[in-house]
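Work through each task yourself before you read the solution.

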Amino acid sequence: MRIHRRDLIHGAGLLGFGLSLPRSQKAAAEPIEASYPPTRTQLRGSHPGSFEAAHAYTRDQLPPPKPRRLPEIFDLVVVGAGISGLAAAYYYQRQFGPDKKILILDNHDDFGGHAKRNEFHQGGRMHLGIGGTHNLEYWQFNPVVTDLMNDLGVDIKTLRAQSTFDYGRTGKSPYALWFDAETFGRDQLITGCSLKGPPSTSPLLFLDQFPISDTAKAQLKRFYTLQQDLLADLAPEARTHYLRTTGYFDFLRDLGGLGAEARQLFSKSCHGSWGLEAHCLSVAEALGDGLPGLNLIGETPSESGWDYPAAFFPDGNASIARLLVSRLIPAVAKDVTATSIATQAFDYGALDQAAQSVRIRLSSTVVRVNQSGGLVGVRYLKGGQAFEAKARHTVMACYHSILPYICPDLPAEQKAAQAYQVKYPLVLTNVLIRSKKPFDQLGIHGVSCPGRMHASLFLMNGINTGGYEHALNDPGAAVVAFWGSLSPPASALDLRAQLRASREQMLALPFEAYESEVRLVLGGLLGDAGFNVDRDILAITVNRWPHGYAHEYLDLWDEDFAPGQAPHELARARFGNLTFANSDAGASAYTHTAIEEAFRAVNELRDLRS
Ligand SMILES: Cc1cc2nc3c(=O)[nH]c(=O)nc-3n(C[C@H](O)[C@H](O)[C@H](O)COP(=O)(O)OP(=O)(O)OC[C@H]3O[C@@H](n4cnc5c(N)ncnc54)[C@H](O)[C@@H]3O)c2cc1C
């Protein structure tokens with residue numbers, strides 16, 4: 001979910017491995033087919049087994065084992081079966097012909113990259129959760145992306161008409177905050193207000209209920225009440241300079257008069273939209289993301305602009321990945337259409353069959369890519385064994401920070417540009433609960449949790465697209481999405497140190513840590529409404545994305561690069577028969593960017609031919 005950078009400030013002139021199930025899960029989960037990847041629970045996303053080979057043979061630079069050479073020569077090898085890699089295979093078939101031999105390699109046990117689905121089966125029904133990328137920001141689609149969507153039969157108008165989901169802002173009290181006893185001394189749900197939302201949800205009238213000190217309350221009251229342009233003395237350029245070069249927390253302290261306790265309340269507010277602590281953002285970025293403070297620079301926050309008219313499938317953009325896979329390999333599922341894709345079962349056994357022109361080989365980590373004699377050699381590890389595939393062309397659709405390790409022959413400047421692109425880590429934990437009635441009783445469908453590991457949670461009902469139906473008012477079992485990132489320790493000062501610390505923490509935490517977090521939050525939030533964690537939590541799937549959002553340039557941490565000189569532009573330059581896709585190549589963490597970059601990467605191979 002990328003809900004940020006709304007045009008709110010126009011006037012400002014800028015714009016372990018989890019072996020134990022939760023008790024309830026052991027008791028209540030229905031038998032599932034463990035060999036079907038979308039139904040696997042506990043640690044998913046970067047699941048155990050998916051990243052260790054990459055870390056050992058790339059980051060830690062162990063020499064990879066001697067590979068066994070595959071007998072055939074492929075026309076194209078794609079590294080990474082995310083949206084970008086799948087789209088690259090699609091465009092390659094279009095450019096070069098449907099009979100071309102294509103091999104797609106990915107380190108996970110499921111295809112889609114961030115576009116993954118979580119399936120839960122309960123009471124004879126399938127309940128879907130989004131494992132990574134959520135929504136289609138169709139208003140940003142260029143003609144290339146629109147054409148692809150049309151070809152896949154994705155009709156945005158229909159998706160919009162069939163969805164009432166709005167990230168939990170659908171209950172009687174669409175905005176709510178939950179303070180937890182461990183952090184704030186007492187559990188407290190406050191409905192009707194938010195720390196980041198339209199002005200009508202301002203916490204001003206609710207501050208007396210906040211479990212914080214009287215000093216922090218007084219500071220916040222003054223902060224929310226003041227209506228003054230505190231930058232009035234600055235000329236327009238100096239004003240823009242201030243907004244882009246000052247940290248949001250410095251602004252809260254110096255202009256907003258907020259002490260550390262009050263400032264801390266906002267620190268996780270941008271976890272979902274940016275995957276970062278709010279103190280990493282400039283004033284301009286934070287205000288653009290909807291954090292408070294416009295009243296201090298003479299702006300009036302707008303009530304509009306908070307509707308985010310995105311289009312959804314119930315498994316998010318996993319449906320786009322599945323539509324692409326069924327186009328590339330028709331044998332995976334019969335009669336697939338965009339109006340039935342969410343309910344369609346896929347035959348994973350069909351993904352890697354020699355008789356097909358396209359093959360997707362999962363659990364395969366690429367560790368070395370070299371070129372010689374007009375061919376690219378792609379070495380990968382699968383099941384502890386090393387192989388080498390030879391290809392005429394290769395599209396690297398994996399994230400860019402791994403490329404310098406895998407492609408040692410690239411020019412030093414290109415490798416430095418690739419290493420620059422450290423992604424923002426994210427975690428999305430889906431929890432199947434027995435009934436959503438406790439939420440209804442409290443009048444909420446979602447809350448923000450300023451003190452907890454996941455900054456927010458919301459019910460996933462109301463997306464009736466792709467053939468799937470789960471009405472918003474269905475009182476039965478439901479998926480609750482816990483969403484955010486992991487705050488790095490305060491000792492990590494520089495942005496990249498923070499991102500790496502958050503990533504390491506995410507991978508080091510065992511399943512039980514995520515599980516007890518979910519139990520604590522649901523018990524504390526819903527306990528008074530009759531929710532019993534032992535009885536009512538049926539399954540937990542933790543989607544860890546240590547390499548999450550593509551690195552987008554930030555005011556405080558990145559230069560204003562000259563056109564053509566930005567790291568992502570240097571990083572994606574064609575190198576012999578090797579081209580580079582992935583959303584990193586566009587420095588923009590969107591599904592449509594992943595598609596655009598695939599299109600460019602394949603066109604560069606076409607240009608090579610002519
Ligand atoms: C939690 C989350 C929510 C998001 N929400 C949205 C949203 O709502 N809307 C939106 O537009 N975008 C969203 N995004 C952004 C998302 O990154 C893009 O939409 C898109 O899915 C990126 O696709 P990609 O193919 O570029 O990269 P990826 O999905 O990362 O695919 C790259 C694949 O390459 C694999 N790989 C890496 N190295 C190797 C190797 N050495 N060998 C083999 N395989 C390798 C990776 O593991 C991965 O499977 C979200 C991202 C996350 C993580």
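**Exercise 1.** Is Asp 536 buried or exposed, and with which residue does the side chain of Asp 536 meet in a salt bridge?

*Solution.* Start with the accessibility classes: buried means under 20% relative accessible area, exposed means over 50%, and partly exposed lies in between (1.4 Å probe, protein chains only). Asp 536 has a relative accessibility of 6%, so Asp 536 counts as buried. Next, look for a salt bridge, which is a side-chain nitrogen of Lys or Arg within 4 Å of a carboxyl oxygen of Asp or Glu. The side chain of Asp 536 meets that of Arg 535, at 2.8 Å from N to O. Arg 535, at 43%, counts as partly exposed.

Before going on, two notes on the model. This is a predicted model, in which local features need pLDDT of at least 70 and side-chain atom pairs count only at pLDDT 80 or more, while totals for chains, interfaces and linings use all residues. Residues are numbered from 1 along each chain as its sequence is written, and side-chain values use heavy atoms, with hydrogens and water left out.

**Exercise 2.** How many salt bridges does the rule give, and which parts of the chain does the pair Asp 75 and Arg 392 link?

*Solution.* The count comes to 33 salt bridges. One of these is between the side chains of Asp 75 and Arg 392, at 3.0 Å from N to O. Now locate the partners, using strands that are DSSP runs of E with at least two residues (helices are runs of H or I with at least four), numbered from the N terminus. Asp 75 is in strand β2 (residues 68-79) and Arg 392 is in strand β13 (residues 385-396), so to speak distant parts of the chain, 317 residues apart. Asp 75 is buried at 12%, whereas Arg 392 is partly exposed at 40%. For another pair, turn to Arg 117 and Glu 119, whose closest N and O atoms are 2.8 Å apart; both residues are buried.

**Exercise 3.** At what angle do helix α3 and helix α4 pack, and which residues make the contact?

*Solution.* Two packed helices are described by the angle between their axes and the distance between the axes. Axes are lines fitted to C-alpha atoms, for helices over the stretch in contact, and angles run from 0 to 180 degrees between N-to-C directions. Helix α3 (residues 83-96) and helix α4 (residues 143-152) pack at about 90°, with their axes 13 Å apart. The two helices are therefore roughly perpendicular, a class that covers 65 to 115 degrees (under 35 is roughly parallel, over 145 roughly antiparallel, the rest oblique). Contact means heavy atoms within 4.5 Å. Tyr 90, Tyr 91 and Arg 94 of α3 meet Val 144, Leu 148 and Asp 151 of α4.

**Exercise 4.** How many of the 14 residues of α3 are buried?

*Solution.* The answer is 12 of the 14, so α3 is largely enclosed by the rest of the structure. Among the buried residues are Ile 83, Leu 86, Tyr 92 and Phe 96. After α3 comes Gly 97, with a positive phi near 115°.
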